[in-house]
Amino acid sequence: MDMIERYLQAVKFALPEAQRDDIVKELRDSILSQVEEQEGSLGRPLTEGETAELLKRLGSPFQLASRYRKQQFLVSPTLFPIYWKVLKAALGIALLVSAAGCIAIAAAGKPIWESLRGLLQFPNLAITVFAWVTLVFVGMEFFGAKFQCTERWDPRALPPLVKDAPRKSRFELIAELLIELVLGVWWLTGLHYNYLIMGPGANYLNFGPVWLQLYPLFVALVCIDVGFTAAQLYRPQWTSGARISVVVKGAVGLVVLYFLLNAPDLMVPVNPTAQWQNLVHNLNRALHLGLTVAFIVIVVNIGISLVKLIGKRIGRAHQAIVGS
């Protein structure tokens, strides 16, 4: 049964998202009926090898899933699931490269409009990536390239089952990635051009020197944020990614907070009069209090995420020992 569920999981991965659940349910009923029929004729449960042979006759997961797709132009239904996965991966890498370029330009202290120029040019890059990937697969069709999956693939080599967990949709992850990128570029640029963050308040207040001293850590935080979201977009089944992200970002965040808490002047007045210095002194005290609370919250979140990660690994190890 485990092999059948792993097979259905692989088929589901290549099916159109809107029809996945219904098709998988139909396939499960059909496969289990075949298993029951064979077991009835043999008078015993099927062996692992016999189950593997039954699944081989159905075809590889990609081949079986292709039968439930509408006929595609240029790329055949057999190759289309692979083409679609490659295209999405290529577009994701292109978006990540564009994001890295924006972050690098912002980290160099360039104005925000220059930093976001790479993101605005992404549609042109996406069209180019789409064209090249499509041409490669059209060429494979034209020259008769075949994927002999039926003969070569082995059901026993299917990936292990992944427990379904509530996760964000692809649209939510893309929106989150774009928001993180825009906010990251805005923050990195604003540390050089204070008016972008403070607006008219920049005429009276500026960030203290410590913020620019920690600039490399802020760049790292933006890269980590964008990187983990991109990883979840590329590998939705990576259920531990969110907890690992909390731990990694939290660890870097604690380093940043440590230096900020030990800096006396988080904000400095533009006009160094006694009245303004007194106001800014009170503001710095309030900021230190808020950062202390943030430090405690991050420590608690890291602790919770670590406990869950360790508990998950211990649970898997326990299942492996019991199963053996």
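Trainee: Why is Phe-218 called buried?
Mentor: Buried means under 20% relative accessible area, exposed means over 50%, and partly exposed is in between, with a 1.4 Å probe and protein chains only. The relative accessibility of Phe-218 is 7%, so Phe-218 counts as buried. Keep in mind that this is a predicted model, where local features need pLDDT of at least 70, side-chain atom pairs count only at pLDDT 80 or more, and totals for chains, interfaces and linings use all residues. Residues are numbered from 1 along each chain as its sequence is written, and side-chain values use heavy atoms, with hydrogens and water left out.

Trainee: What makes the pair of Trp-211 and Phe-218 stacked?
Mentor: Rings of Phe, Tyr and Trp (its six-membered ring) pair if their centres lie within 6.5 Å; planes under 30 degrees apart count as stacked, over 60 as edge-to-face and the rest as tilted. Trp-211 is itself buried, at 11% relative accessibility. The centres of the Trp-211 and Phe-218 rings are 6.0 Å apart and the planes stand at 10 degrees, so the pair is stacked.

Trainee: And why is the pair of Phe-207 and Trp-211 called tilted?
Mentor: Here the centres are 5.2 Å apart and the angle between the planes is 55 degrees. That angle belongs to neither the stacked nor the edge-to-face class, so the pair is tilted. Phe-207 is buried too, with a relative accessible area of 14%. Together with Trp-187, the residues Phe-207, Trp-211 and Phe-218 form one aromatic cluster. The whole structure holds 7 aromatic pairs.

Trainee: Which residues touch the most other members of the largest nonpolar core?
Mentor: A nonpolar core is a set of buried Ala, Val, Leu, Ile, Met, Phe, Trp, Tyr and Cys residues joined through side-chain atoms within 4.5 Å. In the largest one, of 40 residues, those are Val-210, Trp-211, Phe-218, Leu-260 and Leu-266. Apart from this core lies another, of 20 residues, including Leu-15 and Leu-158.

Trainee: How do you know that the buried residues of α3 line one face?
Mentor: Helices (H or I, at least four residues) and strands (E, at least two) are DSSP runs, numbered from the N terminus. In α3, residues 48–58, the buried ones are Thr-51, Ala-52, Leu-54, Leu-55 and Leu-58. Viewed down the axis they fall within an arc of 160 degrees, so they line one face of the helix. The arc is that of the directions from the helix axis to the C-beta atoms. After α3 comes Gly-59, with a positive phi near 105 degrees.

Trainee: Why is Glu-114 called partly exposed?
Mentor: Glu-114 sits in helix α6, residues 112–115. Its relative accessible area is 30%, so Glu-114 is partly exposed.

Trainee: Is Thr-189 buried or exposed?
Mentor: Thr-189, found in helix α10, has 0% relative accessibility, so Thr-189 counts as buried. The side chain of Thr-189 reaches the backbone oxygen of Val-185 at 2.7 Å.

Notes. Polar contact = N/O pair within 3.5 Å; in protein donor to acceptor, adjacent residues only side chain to side chain.
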